[in-house]
Amino acid sequence: MRLLSSEQVGDVAEVFRLLGEPNRLRIVLVCLEADCTVGEIGETLGLSQSLTSHHLRLLRTARILRAIRHGRHVAYAIDDDHVRDVLRGMVAHYTEPHEHAHHSHDHPDEEQDP
């Protein structure tokens with residue numbers, strides 16, 4: 001993997017900062033499987049339309065979501081497969097079973113419990 005410029009590192013950090021806000025992350029996750037309108041997102045998450053629109057504006061600016069016009073309606077979707085893959089990977093990481101016991105290869109300097 002090539003090294004990122006300082007500006008690119010800043011851009012990636014900004015994406016993670018944006019996704020660190022729970023409502024924005026919830027919005028992105030709602031849009032992960034299907035395009036959704038502002039009203040659908042707000043209703044699903046219990047957010048006002050103005051708050052939902054504010055978060056959507058930030059997520060679009062960061063190229064996490066994109067707007068798709070369907071006649072008079074605008075739906076929001078994950079911007080591209082890179083974003084979709086990262087999100088699906090993180091969801092899988094936290095929803096699949098994990099063994100929490102210590103393994104010698106995880107902590108080579110620690111002794112194992114008998």
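Visitor: What makes β2 and β3 a hairpin, and how many residues stand between them?

Guide: This is a predicted model. In it, β2 and β3 form a hairpin with two residues between them. In the turn, Gly 71 has a positive phi of about 65°.

Visitor: How do you know that β2 and β3 pair?

Guide: Two strands pair if at least two bridges are found between them. Strand β3, residues 73-78, is joined to β2 over six bridges, in the antiparallel sense; the two strands therefore count as paired.

Visitor: What joins β1 to β3?

Guide: Two bridges join them, and the strands run antiparallel. As at least two bridges are required, β1 and β3 also meet the criterion. Here Cys 36 stands opposite Tyr 76 in β3.

Visitor: Why are β1 and β2 called edge strands?

Guide: The open sheet of three strands has the order β1-β3-β2. Each of β1 (36-37) and β2 (65-70) pairs on one side only.

Visitor: Why are α2 and α5 called roughly perpendicular?

Guide: Helix α2 (residues 22-33) packs with helix α5 (residues 81-95) at an angle of about 105°. Angles of 65 to 115 degrees count as roughly perpendicular, and the two helices are therefore described in that way. Their axes are 11 Å apart.

Visitor: Which residues make the contact between α2 and α5?

Guide: From α2 come Leu 25, Val 28, Leu 29, Leu 32 and Glu 33; they meet Arg 84, Leu 87, Arg 88 and Val 91 in α5. By class, this contact has six nonpolar, no polar and three charged residues.

Visitor: Which residues of α2 are called buried?

Guide: They are Asn 23, Arg 24, Ile 27, Val 28, Cys 31 and Leu 32. The word buried is applied under 20% relative accessible area.

Visitor: What makes the approach of Glu 21 to Asn 23 a polar contact?

Guide: At the start of α2, a side-chain oxygen of Glu 21 comes to within 2.9 Å of the backbone nitrogen of Asn 23. The cut-off for such a pair of N or O atoms is within 3.5 Å.

How values were computed
Residues numbered from 1 in each chain as written. Predicted model: local features only at pLDDT ≥ 70, side-chain atom pairs only at ≥ 80, totals over all residues. Heavy atoms only, no water. Axes fitted to C-alpha atoms, helices over the stretch in contact; angles between N-to-C directions. Helix = DSSP H or I, 4+ residues; strand = E, 2+ residues; numbered from the N terminus. Parallel < 35°, antiparallel > 145°, perpendicular 65-115°, else oblique. Contact = heavy atoms within 4.5 Å. Nonpolar A, V, L, I, M, F, W, Y, C, P; charged D, E, K, R; others polar. Buried < 20%, exposed > 50% of the residue type's maximum accessible area, 1.4 Å probe, protein only. Polar contact = N/O pair within 3.5 Å; in protein donor to acceptor, adjacent residues only side chain to side chain.
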